[in-house]
Structure formats: C-alpha cells, structure tokens
Amino acid sequence: MATYNRAHFIAEMLMSIQNQSFKDFECIIIDDGGTDNTAEVIAPCLEDIRFTFQRRTDDYNKGLPGCRNCGIDLAKGDYFIFFDDDDLVHQDCLQIAYNELAGNTSLSFCHYQKQSFKNVDEVSVKSDLPMVKATKTTDAILYQVVTSTVGFASCTVLWKSECFNEVRFIETLQYAEEWECYSKILSENSKGVIINAVTYFNRKHPASNTGEFYQGDSKRVDSKIAASKLIITNLNEKQLFTGKFQKFFAWQAVQLNDYSVLRHINRQSSVTGFQKLKATALCTLSPLIKIYLRSKKNA
C-alpha cells in the first residue's frame with residue numbers, strides 16, 4: 001500500500017485489512033514522503049506484526065508506481081494485491097481470491113468486483129456475500145482489459161507473485177500505470193478467473209488520481225497518453241497489435257485530443273498503409289464526430 005498524506009483515510013482502510021478472515025498475510029505500507037501525521041495515526045495498527053511501515057527509499061521515483069515497486073521488492077509472499085490508502089476492503093476479499101488460486105498452477109490471477117462510495121456508511125465490509133461464481137478468462141482477456149471492457153483496477157486483482165518476476169510499474173507514469181503494467185502481464189498469455197462478488201470499495205473524492213484525470217489535470221492526462229504509447233509498443237513487439245487494437249487506440253487519440261498517439265500507431269510495423277489511412281481519417285474528422293455525438297446525446 002502506497003500512502004501520501006492520507007492520515008484522514010488510511011486508518012479505516014488498515015482496519016478493514018486487519019479484520020480479514022484470511023489471516024496469513026503481510027501488509028507493507030510505503031510512505032511517499034508525506035508531511036502529515038500518518039505515522040501517528042497508524043501506530044496502533046503497527047502493533048500487529050503483519051503490518052510494516054517505511055519510507056520510500058531514493059532507489060525509487062516519487063509517486064505511486066515507485067512505492068508499489070518498492071513494496072514488490074520487499075514482499076515475501078506468494079501473492080500480491082496493491083491496495084489504496086483511501087478505500088475499504090470486504091473482510092472475505094483475501095480468502096475468496098486465495099481460494100480460487102491456491103493449488104492451481106494454470107491460473108495466475110483472480111479479479112474481483114469493486115463498488116464506489118463517498119461515505120463510509122454506504123458500504124458494509126462485513127456483509128454476507130451472495131454465492132461466489134468464478135469464470136475462467138479466455139484469450140479475449142487482454143483486449144477486454146486494454147479497452148476497459150473488464151475493469152482491472154489496480155486494487156481488484158490478486159496476482160501470483162511470479163507475474164512480477166520480470167515486470168514492474170513504470171515509475172515515470174503518474175496515472176494509468178496499472179493499466180500499462182497489467183496489460184504487459186496479460187500479453188504474456190496469463191490466465192485467471194473473474195469472480196462476481198464485490199469485495200472492494202473505492203472511495204470517490206476529487207483529490208484521487210482518477211478524479212484529477214477527469215478534471216483534466218495535465219499530469220494525469222499526459223500520463224494516460226504515455227501509458228497508451230507504451231501499451232501500443234508492447235502489443236506491436238509481441239505481434240498482438242491487431243486491427244481492433246489499432247481502432248481502439250485511434251479513438252483514444254480522439255478522446256485524449258492528442259494526435260501523438262495516432263502518430264505512434266502509424267509508426268508500428270504491424271500497421272498497414274490502409275489502416276494508417278483509416279486512423280488518420282478518424283482523427284481528421286474527429287471534430288465533426290464529436291459534434292455529432294454531442295448532438296445525439298442532447299437530442
């Protein structure tokens with residue numbers, strides 16, 4: 001868990017982790033150079049030997065990806081989850097996800113569902129869950145995650161630690177770093193399961209990275225653009241950058257209002273001349289397309 005000046009939220013999250021029905025875990029909290037009283041707030045929790053707290057070292061860049069990489073390098077367990085410091089987790093989250101993977105060498109991850117909230121009283125971390133149904137992923141999972149058809153949020157996947165033997169978060173990214181990282185893992189043909197149960201609760205507030213992105217914060221938007229280019233390059237190098245991926249990222253260029261993504265698409269070796277023409281036409285006509293879509297929405 002990376003944290004930065006979240007003393008007003010972090011204790012609630014740590015308590016929900018401490019109360020997990022699965023007991024055999026370690027929770028590594030990496031502070032990103034915060035200046036508030038986080039250390040004081042979490043001190044009671046640190047009496048539990050499963051919890052450790054330390055500052056991010058200078059070996060890692062400041063930011064969420066650097067803190068997560070620091071945690072990966074410190075972790076001793078066979079599985080990883082990257083929790084956020086301002087959320088809540090259901091008491092059975094670890095147990096349910098672990099049960100799906102334990103003893104199954106063909107599976108690398110378990111994805112569970114999340115629910116957004118603004119006030120703590122909107123959710124119950126101890127509620128009875130409906131019958132959990134697990135579905136094995138297919139070869140389509142890479143496309144589904146890249147296009148967000150299946151929402152692999154940073155905190156909604158239990159990974160086998162071996163998935164990170166050769167993979168780390170890109171520390172220069174300040175948004176969409178998990179999108180880039182998880183896409184890279186899935187491009188190695190990793191298989192997993194998706195369960196229907198909501199076992200994670202993400203807090204909605206304007207100071208979150210996602211909130212800042214949708215408010216147009218340039219640092220977050222630029223990071224999404226950079227992550228898009230990294231995913232495109234990786235897919236092309238692995239000969240996975242098919243026409244449907246090319247179409248998706250062309251639309252990304254339109255939505256992000258950044259045609260450097262389009263130019264990056266057209267530089268890939270797997271893109272044919274006709275496909276380049278189609279992508280260019282889409283972006284050229286994007287102002288008219290946006291006007292049409294807005295008029296249709298308001299009709």
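**Entry 1: the starting point**

I am working from a predicted model.

**Entry 2: the largest pocket**

I began with the empty space, since rolling a probe the size of a water molecule over the atoms shows where it is left. The largest pocket holds about 1,300 Å³ of space. I found 49 residues lining the largest pocket, and those closest to its centre are Asp84, Tyr175, Glu178, Asn209 and Thr210.

Which element gives the most to the lining of the largest pocket? Helix 7 does, with five residues. I also listed the elements that each supply at least two residues of this lining: strand 1 (2-3), helix 3 (64-74), helix 5, helix 6 (177-186), strand 9 (192-203), helix 7 (209-214), helix 8 and helix 9. Sorted by class, the lining of the largest pocket comes to 17 nonpolar, 15 polar and 17 charged residues.

**Entry 3: the second largest pocket**

Next I looked up the second largest pocket, whose volume is about 680 Å³. Its lining is made of 26 residues, and nearest its centre are Phe25, Glu26, Tyr79, Phe80 and Ile81. Strand 2 (27-31), helix 3, strand 4 (79-80) and helix 4 (93-101) are the elements that give two or more residues to this lining. The largest share comes from helix 3, with four residues. By class I noted 19 nonpolar, two polar and five charged residues in the lining of the second largest pocket.

**Entry 4: the cavity**

How many cavities of 30 Å³ or more does the structure hold? I found one, and the volume of the largest cavity is about 30 Å³. Its lining consists of Asp31, Gly34, Thr35, Asp36, Thr38, Ala39, Phe53 and Arg55. Helix 2 (38-42) and strand 3 (51-55) are the elements that give two or more residues to that lining. I sorted the lining of the largest cavity into two nonpolar, three polar and three charged residues.

**Entry 5: helix 9**

I checked the length of helix 9 (residues 243-256). With 14 residues at 1.5 Å a residue, helix 9 should span 20 Å, and its end C-alpha atoms are 20 Å apart, so the two values agree. The buried residues of helix 9 are Phe245, Gln246, Phe248, Phe249, Ala250, Gln252, Ala253, Val254 and Leu256.

I picked out Gln252, which lies in helix 9. Is Gln252 buried or exposed? Its relative accessible area is 8%, so Gln252 counts as buried. Setting aside neighbours within four places in sequence, I found Gln252 in contact with Trp179, Lys224 and Ser228.

**Entry 6: Asn234**

I then moved to Asn234, which sits in helix 8. Asn234 is buried because its relative accessible area, 12%, is under the 20% cut-off. Apart from neighbours within four places in sequence, Asn234 is in contact with Ser183, Lys184 and Ser187.

I took a second look at the pair Asn234 and Ser187. They are 47 residues apart in sequence, and their C-alpha atoms are 8.2 Å apart in space. The side chain of Asn234 makes a polar contact with the side chain of Ser187, at 3.1 Å.

Thr147 is in the loop between helix 5 (141-146) and strand 8 (157-160). With a relative accessible area of 15%, Thr147 is buried. Its side chain reaches the backbone oxygen of Tyr143 at 2.7 Å.

Ser148 lies in the loop between helix 5 and strand 8 too. What is the relative accessible area of Ser148? I noted 52%, so Ser148 counts as exposed.

**Entry 7: positive phi values**

Most residues other than glycine have a negative phi, so I kept a list of exceptions. Ser148 is one of them, with a positive phi near 65°.

Gln239 went on the list as well, with a positive phi of about 60°. Gln239 belongs to the loop between helix 8 (218-237) and helix 9, and at 73% relative accessibility it counts as exposed.

Terms used
Residues are numbered from 1 along each chain as its sequence is written. This is a predicted model: local features need pLDDT of at least 70, side-chain atom pairs count only at pLDDT 80 or more; totals for chains, interfaces and linings use all residues. Side-chain values use heavy atoms; hydrogens and water are left out. Buried means under 20% relative accessible area, exposed over 50%, partly exposed in between (1.4 Å probe, protein chains only). A polar contact is a pair of N or O atoms within 3.5 Å; within protein, one must be able to donate a hydrogen and the other to accept it, and residues adjacent in sequence count only if both atoms are side-chain atoms. The expected span of a helix is 1.5 Å times one less than its number of residues. Contact means heavy atoms within 4.5 Å. On a 1 Å grid over the protein atoms alone, a cavity is a set of points where a 1.4 Å probe fits but cannot get out, and a pocket is an open set with protein on both sides within 12 Å along at least five of seven lines; lining residues have an atom within 4 Å of a point. Grid points are joined across faces, edges and corners, and a volume is the space filled by probe spheres set on the points. Ala, Val, Leu, Ile, Met, Phe, Trp, Tyr, Cys and Pro count as nonpolar, Asp, Glu, Lys and Arg as charged, and the others, Gly among them, as polar.
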